[in-house]
Every structure is written in structure tokens, then in C-alpha cells.
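Trainee: I'd like to learn how to read the inside of a protein model. Could you walk me through one?

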Amino acid sequence: MPLEIVRNDITKMQVDAIVNAANESLLGGGGVDGAIHHAAGPGLFAECRTLGGCKTGQAKITGGYDLPSKYVIHTVGPIYKDGEHDEKALLELCYRESLIIAREYGCQTVAFPLISSGVYRYPKDQALRVAIDVISQFLLENDMTVYIVIFDRTAYQISEKLFSDIAEYIDDKYVDEHTDHSRERIRMNAFHPIVSELKRKKTDSAPVELCECQAMPSADDLNSRLDRLDESFSQMLLRKIDEKGMTDSQCYKKANIDRKLFSKIRSDVNYKPSKPTALAFAISLELSLEETEDLLRKAGFALSHSNKFDIIIEYFISKGNYNIFEINEALFAFDQSLLGA
Ligand code: ADP
């Protein structure tokens, strides 16, 4: 997935480059900077000494030494004072400059910490928002997988307003439906004779005499229905892309889906995506709730009010908010799977 938020120690990330929230001297410090120098070993410090420091908002690259990543991109975030001292513009610049250097060095995978959100006191929710906005903008034009690596749980929390709005929506809609296993067994038994009859029919040409279950279709009927399959998920997806006047790459990038997965879906008419993938495309195509349900059905899924994930998606679609990264922030805050591959 092109943008992922993960909880980890950045020094453990197996990526082409990790980004360091450094200070202007580039000679090491506390926090993530200290952790990176500690894990990379003295070679990193020696190279940093040759760089002559780095201005706030700028970035410089070094080797990764003992780290699992090939490079470290050092960027200097702004010290947060009151939000009136260009802090946001400087923080945006840190992400952009780091991504540009990563692209210059051919990095396919890059991991960022939440720059400035520690000792430099940038409010974590706003720091996360800046990171998501700049990275997602960059990913619309570039093929790269970027991780935002978050160390502590509080940083996961999205802005108060979004959080409480969604919590309320979930409270309203969430129904904890327990599966009724006896009903489930009855359903299974009802369907079973047809399944076994179909299997038998494959090897046996004798006329079929079928089950007592009146409501179910006969095997012949079912066979003929199987011959008249509806448009598949892949077909509907490609049709919608055309109808919306999008290119394939605009669609999969906006869906936060990587190119390889999209090609697989494109080339396999019967491809069955996961539910988050199917929904990511619905969001990317800005489908209405009804169209979303339709696309989901093609993949064998439905939106349900007994599932927080579904309610969050429904909330965003009903508000006309199709920003996949904001949706993922919300899903993340509620410990749900994220949209995308
Ligand atoms: P800054 O001076 O830019 O604020 P800090 O290192 O103090 O930099 O903090 C930046 C962010 O990095 C903070 O959110 C902090 O929780 C996080 N952090 C600290 N150590 C690690 C680590 N090993 N991996 C990932 N993130 C980390």
C-alpha cells in the first residue's frame, strides 16, 4: 500500500530509507535522532560531521550503516511555538524535501517518524495531519511506498472533532448482532441437497430428482443461472473508471492501492478483492452509497451496521468525504483495518 501508518521503532524498519528528525547541527540528539544514531553505529556520526549541518525545513542524505535501511534522510523540523511562526509550512517542507531526495536516490520504500512532534512540541494530531497531507499529495504523482512510523499510542488519535463525530455515529448505528447458530444450521441444511446434487450431476447424466426444499431453485435452474453471470467486480471497476473519466493510475493511486495489485485485478475478470480493497476503489471513484453497495456485492461483501469498519466507511461516504487518508486515520483510531491493498 503506498501510504501506511504503522506502530514501530523506526530503526527496525526494513525500507530503502528512514527519515531522521534531526537538529540543525546534524550531530545527533535525543529522541528518534538518538535512537537512529545508536542503531546505525559510529559510521553515521562520522558521515554527518562532513555535512555542515542542515537548515530547518531542508533535508540531507547519508548511508544507513548498521541499520536495516540503506539510507538515512536527515531533516530538521520546526520548533513549535504557537503555530504563528511558519511551523506548518516548514514542517510540510521537511516531508516534501525528504521525499524529493528519496526519489532522487531511487528509494521505493521510505519510513518517516512524526517529525517535530516530540521535543519540538508540534501537536501530534496536527503533525500527523501534515504528514498525511504532504505524503498523499506526493504519492499521487510518484510510485513509492511510504510508512508513517508512530511510536506512541496517543499520536494515533485523530483530531478531537473527527473522533467524537465518528464515535457518536458509531454509537447510533452499531448493533452487536450475535450470530444465531441454530438458524445458520437450518440454512446450511436447506442448501446442502442442491450442492450435492450439482456435484453428482457433473458425473452422472441421469435425470435429477431434487429436494423437498420448495424455496430453493432446482439444480438445472441453478446451472442456467450460473451460465448467466452478472458483470464481475473487475468489469464493474473498469467500467466505473471510464465513466468517471479517470485513468487507471489516477484511480489506483487515489485508492492507495499499488500498481501490481491493480494489474492483477485488471487482468483477471474473476478477481475477488478483499473488502478493504473493494472499498478503497469505491472511495477513489467517489461512488454513492448505493453504488458502493453494488460494487461490494460483486466482490461478495456488504456494508453492515454490526461492524464498526463498515459504519466508519458509511459515515464518510454519507458526508461526501472521499479522502482515503482521512478515512484511514479514522479507521486507525478505531483499531480497524485500513483501506487499500
Ligand atoms: P523532534 O525534535 O522533531 O520533535 P523527537 O525525536 O523528539 O523529534 O520526536 C519525534 C517523534 O518521534 C515523536 O513523536 C517521538 O515519539 C517519535 N520517536 C521517538 N523515538 C522513536 C523511534 N525509535 N521510532 C519512531 N519514532 C520515534
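Trainee: Which residues have the most contacts inside the largest nonpolar core?

Mentor: In soluble globular proteins, nonpolar side chains tend to be buried together. A nonpolar core here is a set of buried Ala, Val, Leu, Ile, Met, Phe, Trp, Tyr and Cys residues joined through side-chain atoms within 4.5 Å. Buried means under 20% relative accessible area, exposed over 50%, and partly exposed in between (1.4 Å probe, protein chains only). The largest core has 77 residues, and those with the most contacts inside it are Tyr-95, Phe-112, Ile-135, Ile-148, Phe-281, Ile-313 and Leu-339. Helix 4 gives the most to this core, nine residues. At least three core residues come from each of domain 1 (3–157) and domain 2 (231–333), with bounds from an automatic or database domain assignment. Apart from this core lies another, of 14 residues, including Leu-44 and Tyr-147.

A word on the source: this is a predicted model, where local features need pLDDT of at least 70 and side-chain atom pairs count only at pLDDT 80 or more, while totals for chains, interfaces and linings use all residues. Residues are numbered from 1 along each chain as its sequence is written, and side-chain values use heavy atoms, leaving out hydrogens and water.

Trainee: How many aromatic pairs does a search of the whole structure find?

Mentor: A pair of aromatic rings is described by the distance of the centres and the angle of the planes. Rings of Phe, Tyr and Trp (its six-membered ring) pair if their centres lie within 6.5 Å; planes under 30 degrees apart count as stacked, over 60 as edge-to-face and the rest as tilted. The search finds seven pairs. Take Tyr-95 and Phe-112: their ring centres are 4.9 Å apart and their planes at 45°, so this pair is tilted. Tyr-95 sits in helix 3 and Phe-112 in strand 5, 17 residues apart. Helices (H or I, at least four residues) and strands (E, at least two) are DSSP runs, numbered from the N terminus. Tyr-95 is buried at 0% relative accessibility, and Phe-112 is buried at 0% too.

Trainee: And where do the buried residues of helix 3 fall, seen down its axis?

Mentor: Helix 3 covers residues 87–104, and its buried residues include Leu-91, Tyr-95 and Ile-101. They fall within an arc of 165° (taken from the directions from the helix axis to the C-beta atoms), so they line one face of the helix. Among the elements covering them are strand 5 (109–113) and helix 4 (124–141).

Key:
Expected span 1.5 Å × (residues − 1). Contact = heavy atoms within 4.5 Å.
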